[in-house]
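Subject: Structure for you to look at

Hello,

Please find the structure below.

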Amino acid sequence: MGEGSDDEGTPRVGTHLASMMTMSEVGIDFERANAARIYDYFLGGAHNFASDRAQAATIVAANPDMPRVCRLNRDFLGRVVRWCLAAGVDQFLDLGSGVPTVGNVHEIALAARPDARVAYVDFEPVAVHHARDLTAGLDGVRVVQGDLRQPEAVLRDPGVAGLLDFDRPVAILAIAVLHFIDDDLPSIFGRYRAALAPGSVLALNHGSADQDDPVLAEAVRDIQRGYRGAATPVVLRDRAEIRELLDGFELVVPGLVDPVDWPVEQPGVEPIGAYAAVGRAPAAR
Ligand SMILES: C[S@@+](CC[C@H](N)C(=O)[O-])C[C@H]1O[C@@H](n2cnc3c(N)ncnc32)[C@H](O)[C@@H]1O
């Protein structure tokens, strides 16, 4: 499939990438599956390798609903970006932005506001390379290779600090990424929130087995088990831990809900087993 590997799983790199740099220079790990490329595979993309597809098979064996979960995560992202634009927020800092696919943040934002600005941040080289390739020449878009666990480094990176005006509202997006981070998220997100002007947005979602429905809780744990051995194992947090990441921000109605039910319930659409919310920085802090 695509640039990833031949049928035997021998790594090969897309011609454009290969022509620019060697595999070791870009730091691609072909042997170990990771979140960016597994997600790309589940969304029908071509930027994944044999190791990613093998891990995806393990995940699907554990929970056959996983491709739907990924699609609905992505749909949530699109709804959030549109909501921000409708609310007058046209600057985006997308943390853990992933391999570009359809409905990327800059495509939605620039279609509505040609002067919108989007800074993508991801630490995965394939995701960064393809995002740079796709957005080359777009004035309002930058792609930063960075680790969201280091807020100060992310915020002062020229691709972020030189593009986004933090004296005006900015929307920080952390979609389908936080459950890959085994670190002190409250401290990390406290530092991001502190950088935001009144009216700014912090939007996130996070897988959680803290569910009233035990079947759904077990389905989430099955996904977590499926990711074992990947470069990015899954860390589950409970509802209160996820809510804490928006501390001091005003939650937009309907609050902290399954992503399929934000901003309105979708009757007939089964929950995916995550919590999502959009918080807004209050006027006085
Ligand atoms: C499942 S994808 C989600 C992509 C996109 N946010 C979306 O919702 O479509 C998770 C992404 O987060 C990235 N990621 C994981 N940990 C990260 C970290 N510490 N810093 C930056 N990116 C990270 C992965 O490389 C991957 O591209």
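This is a predicted model: local features need pLDDT of at least 70, side-chain atom pairs count only at pLDDT 80 or more; totals for chains, interfaces and linings use all residues.

Residues are numbered from 1 along each chain as its sequence is written.

The chain is divided into domain 1 (15-62) and domain 2 (66-280); the bounds come from an automatic or database domain assignment. Taken over C-alpha atoms, the centres of domain 1 and domain 2 are 21 Å apart. Their contact takes 24 residues from domain 1 and 26 residues from domain 2, where two residues are in contact if their C-beta atoms, placed from the backbone, lie within 7 Å.

On the side of domain 1 that touches domain 2, the elements giving two or more residues are helix H1 (15-20), helix H3 and helix H4 (50-62). Helices (H or I, at least four residues) and strands (E, at least two) are DSSP runs, numbered from the N terminus. The largest share of that side, 7 residues, comes from H3.

Around the ligand there are 23 residues, of which Ala36, Tyr39, Gly96, Gly98 and Glu124 come nearest. A residue is near a molecule if its C-beta atom, placed from the backbone, lies within 6 Å of it. Helix H3 (35-42), helix H5 (66-86) and strand E2 (117-122) each give two or more residues to this shell. Domain 1 and domain 2 each supply at least three of the shell's residues.

Regards
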